[in-house]
Amino acid sequence: MSATIFVLNGPNLNLLGQRRPEVYGYTTLHDIELMVRERAALHGFDIEFMQSNHEGVLVDEIQRARTRGAAIIINPAAYTHTSVALHDALEAAELPVVEVHLSNVHRREEFRHHSYVSPQATAVIAGAGAYGYVMAVDFLAQHLESE
Ligand code: DQA
């Protein structure tokens, strides 16, 4: 059985392509899912891809990844800056985690500069747009191999 990477997306990311395209781009979440699946297939990974606007649903999914996944790619969106629950769930998962942001959060408002997720992340990618998700898959391919 091949390793599964869980790709989790937080609130409002279902609106990608329509919401503030000058910040987040015109690529939709569905486009990102296709890009991720294509890249993962090259490396022989399976992908579980989901989005939720609800914090508890994301916690449930991290707990599923804990027992079934090899790694997590997460764009926690606004929960990045607020969620101790996601921090704790990722800590409990004990998996490699890549935190992805489409925008460079450090160039934006002050409240986006702090992340509750980063202390649990193996790597953080911000500002590379949708390509950041592809970079995350490539990173995990070499990281899981070296583990
Ligand atoms: C985001 C950045 C967050 O600050 C914001 O709340 C989002 C998207 C990004 O991908 O750039 O919803 O995570």
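**View 1. Histidine 87 counts as buried, because its relative accessibility is 17%.** Buried here means under 20% relative accessible area, with over 50% being exposed and anything in between partly exposed (1.4 Å probe, protein chains only). You'll find histidine 87 in helix α4, residues 84-93; helices are DSSP runs (H or I, at least four residues), numbered from the N terminus. Histidine 87 and asparagine 9 are 78 residues apart in sequence, and their C-alpha atoms are 15 Å apart in space.

Keep in mind that this is a predicted model, where local features need pLDDT of at least 70 and side-chain atom pairs need 80 or more, while totals for chains, interfaces and linings use all residues. Residues are numbered from 1 along each chain as its sequence is written, and side-chain values use heavy atoms, leaving out hydrogens and water.

**View 2. Here is the shell of residues around the ligand, among them Tyr24, Asn75 and Leu102.** The shell splits into 5 nonpolar, 4 polar and 2 charged residues. Nonpolar covers Ala, Val, Leu, Ile, Met, Phe, Trp, Tyr, Cys and Pro; charged covers Asp, Glu, Lys and Arg; the others, Gly among them, are polar.

**View 3. Now look at ligand oxygen and side-chain N or O atoms: histidine 81 has one 2.7 Å from a ligand oxygen.** For histidine 101 the distance is 2.8 Å, and for arginine 112 it is 2.8 Å. The protein covers 99% of the 320 Å² of accessible area that the ligand has on its own (Shrake-Rupley method, 1.4 Å probe).

Methods. A residue is near a molecule or strand if one of its heavy atoms lies within 4 Å of it. A polar contact is a pair of N or O atoms within 3.5 Å; within protein, one must be able to donate a hydrogen and the other to accept it, and residues adjacent in sequence count only if both atoms are side-chain atoms. Helices (H or I, at least four residues) and strands (E, at least two) are DSSP runs, numbered from the N terminus.
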